[in-house]
Amino acid sequence: MLFPYTAQVDTYEWMSISDSCGPDRPTCMKLDFIEQPDLPDPDKPVPPAGGQIPLETLAQAIVKQFRLKNANYMYNVMMLPHGGDFRFDTEYEWEKQYRNLKIFMKYVNERKDFNVQMRFGTLKDFFLEVGRQTEKYGLNYPVVTGDFYSYTENQEYWTGYFTTRQFDKRLGREVLESLRSAEIFAAIAISGQVDGNVRQKIMRDLVLARKNLGIFQHHDAITGTSKEHVAHNYELLLTSAFTSTQRVLASAVQLLLSGDGAKSKMADLMPSEAF
C-alpha cells in the first residue's frame, strides 16, 4: 500500500511549483516568487524596486486553482508542494519565497469569502490531517498493492517504476557492500606506516568507487527510468567501482598479512572473481 490512507497523486505533471496548485500552469507559476516581484508587505508600506503583484488578483486566481484541484479529493485538505529540482539552493531564494508565501497565506486566510486556511507543514502533518478527515467523515479508500507506481512525462505513461533493470539495481547493492568492506579494511590497513604510493592508490580507488556509486544514486538510475544508453553507462560505472573496491580489498589484506606496511608495494593479491 502506498500510504496509510490514500494513494496520493498530487501534481498534474511535474513535481514542481508550476504543477502543484492546480491545472493551470501559468497561474501556478505566479507563486514562484523567485521569478515574480514581491507581494505588498503591510509592514513595509514603501514598494520595493520592480513593483508589486496586485495581491487581490493573485489570490483570486490561485484560490480558483485550489478549488479545481480539491475537486479530485474526497476530503477538504490538500498538499501544495513548493519546490523542485535545484531549488532553495541560495539564502536569497529561501528568504524571498518564505517572505512572500507568508504574506500570501495571511491574506488568503483572512479572506472569509475564500473559506481557505493555509499553513506551512510537512508530509507527516498532511497525512495526519488526512487521517483525521478519514475518521471524521467515515471515508473508505480502495487498497491497491503491488509495484505499480506510475510515471508520466508529456504524453508518455508507464508503470513498473521499481521492477525495471533488476541487474543494475542488484549490482548497485553489491558495489555498496564491497565499498563498505573496502573502506573498513583500508582504514585498518593504512592506520600505521604505509608506503606512500600504496596509500595514494588505495585512496584514489576508494574515491573513484564512491563517485561512480554516487552517480548511480540519481533518481533515473535507481528507479530504472533512464534511457538504454544511459543505463549502459551506469553499468560501466558500477563495474569500474566494483573492480576498484576489490583492488582496495586486495591491497588492504596484503598489508595486514605482511605485518610491515612501510615495506609493502602494490598488492600481488587479486580477486578470483570480478565483473
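**Basis.** I am working from a predicted model, in which local features need pLDDT of at least 70 and side-chain atom pairs count only at pLDDT 80 or more, while totals for chains, interfaces and linings use all residues. Residues are numbered from 1 along each chain as its sequence is written, and side-chain values use heavy atoms, with hydrogens and water left out.

**Helix 5 and helix 6.** I looked up helix 5 (residues 166-189) and helix 6 (residues 196-216), which pack at an angle of about 150° with axes 10 Å apart. Helices here are DSSP runs of H or I, at least four residues long, numbered from the N terminus; axes are lines fitted to C-alpha atoms over the stretch in contact, and angles run from 0 to 180 degrees between N-to-C directions. The angle makes helix 5 roughly antiparallel to helix 6 (over 145 degrees; under 35 counts as roughly parallel, 65 to 115 as roughly perpendicular and the rest as oblique). The contact (heavy atoms within 4.5 Å) includes Leu176 and Leu179 of helix 5 and Leu206 and Leu213 of helix 6. I noted that its residues divide into ten nonpolar, one polar and four charged (Ala, Val, Leu, Ile, Met, Phe, Trp, Tyr, Cys and Pro count as nonpolar, Asp, Glu, Lys and Arg as charged, and the others, Gly among them, as polar).

**Helix 5 and helix 8.** I then turned to helix 8 (residues 228-258), whose axis comes within 8 Å of that of helix 5 and crosses it at roughly 25°. Helix 5 and helix 8 are therefore roughly parallel to each other. Their contact has 19 nonpolar, six polar and three charged residues.

**Helix 2 and helix 3.** For this pair I found axes that come within 11 Å and cross at roughly 75°, which makes helix 2 roughly perpendicular to helix 3. Among the residues in contact are Leu58 and Ile62 of helix 2 and Phe104 and Tyr107 of helix 3. By class, I recorded nine nonpolar, no polar and one charged residues.

**The second largest pocket.** I looked up its lining, which has 27 residues, with Met78, Leu80, Gln117, Met118 and Arg119 lying nearest the centre. Helix 2 (55-70), helix 3 (91-110) and helix 4 (123-137) are the elements that give two or more residues to this lining. A pocket is an open set of points on a 1 Å grid over the protein atoms alone where a 1.4 Å probe fits, with protein on both sides within 12 Å along at least five of seven lines, and lining residues have an atom within 4 Å of a point.
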